[in-house]
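Good morning, and thank you for coming.

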Amino acid sequence: MKILGVDPAFRTTGFGVVEMRRFTAHYVVSGSIKVAQLADGERLVKLYEAMQTLIQQFQPTVVAIESPFIYKNPQTAIKLGMARGVIMLAAASHQLAIAEYTPTQIKSAVVGKGHATKAQVQYMISQLLGLSESPSEDAADALACALTHAKIATFTTKVSR
């Protein structure tokens with residue numbers, strides 16, 4: 001199973017792909033989709049095109065996406081919702097399963113505590129995937145989302161046997 005993890009944002013969206021082999025996650029790729037310099041509509045088109053390219057290139061079986069948390073600024077929440085919609089549309093257009101996890105669930109699964117810092121998430125991602133250097137914050141969050149799904153899928157598979 002290949003999992004595409006996504007940390008959605010309206011300016012910089014993180015992505016990370018891990019592949020499960022024998023109940024072990026293996027790093028494939030990670031990075032960021034940067035669209036901050038574009039107008040709002042162009043950002044959404046660029047994000048959609050980038051997601052389409054990632055899906056076609058890496059052929060994931062599932063997309064794990066971080067769910068939104070409460071924003072004080074309604075405009076920020078609306079823009080994040082638009083970015084999430086575009087990401088989910090890209091996944092759905094390829095008939096991919098979509099799994100959603102809250103930031104607290106992700107941090108708990110990867111670090112062991114739901115209120116871990118970005119630096120702690122980056123460190124644990126490097127350790128868990130055997131990376132020689134820490135990924136960017138956005139990429140680390142996306143990889144953490146993918147690993148959360150991997151952990152839940154592995155547990156579900158083991159329990160159902």
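Let me begin with helix H2, which covers residues 74–92. Please bear in mind that this is a predicted model. H2 has 19 residues, and the distance from its first C-alpha to its last is 26 Å, close to the 27 Å expected at 1.5 Å a residue.

Which residues of H2 are buried? They are Leu80, Ala83, Arg84, Val86, Ile87, Ala90 and Ala91. Viewed down the axis of H2, these buried residues fall within an arc of 155 degrees, so they line one face of the helix.

What covers the buried residues of H2? The cover includes helix H1 (40–58). It also includes four strands: S1 (2–7), S2 (12–21), S4 (62–66) and S5 (97–101).

That brings us to the sheet. Five strands form an open sheet, and their order is S3-S2-S1-S4-S5, with mixed pairing. As a reminder, strands of a sheet pair through backbone hydrogen bonds, either parallel or antiparallel. Strand S3 (24–34) and S5 stand at the edges with a single partner strand each, so one side of each is left without a neighbour in the sheet. From one strand to the next, the twist averages 20 degrees.

Within this sheet, consider S1 and S2. They run antiparallel and are joined by six bridges. In this part of the model, Gly5 stands opposite Gly16 in S2.

Helix H1, already mentioned as part of the cover of H2, also lies across S1, S2 and S3. Its direction is at about 155 degrees to S3.

Let us now step back to the whole chain. How many helices and strands does the chain have? Its secondary structure comes to five helices and five strands. Read from the N terminus on, the elements run β-β-β-α-β-α-β-α-α-α.

Finally, I turn to the overall dimensions. Along its principal axes, the C-alpha trace spans about 45 × 35 × 30 Å. A compact globule of 161 residues would have a radius of gyration near 15 Å, and the chain agrees with this, at 15 Å. Buried residues make up 44% of the 161 residues. Of the contacts in the chain with a separation of 6 or more, 60% are between residues 24 or more positions apart.

Thank you for your attention.

Conventions. Residues are numbered from 1 along each chain as its sequence is written. This is a predicted model: local features need pLDDT of at least 70, side-chain atom pairs count only at pLDDT 80 or more; totals for chains, interfaces and linings use all residues. Side-chain values use heavy atoms; hydrogens and water are left out. Helices (H or I, at least four residues) and strands (E, at least two) are DSSP runs, numbered from the N terminus. The expected span of a helix is 1.5 Å times one less than its number of residues. Buried means under 20% relative accessible area, exposed over 50%, partly exposed in between (1.4 Å probe, protein chains only). The arc is that of the directions from the helix axis to the C-beta atoms. Contact means heavy atoms within 4.5 Å. Two strands pair if DSSP finds at least two bridges between them. Axes are lines fitted to C-alpha atoms, for helices over the stretch in contact, and angles run from 0 to 180 degrees between N-to-C directions. The radius of gyration is taken over C-alpha atoms; the globule rule is 2.2 Å times the number of residues to the power 0.38.
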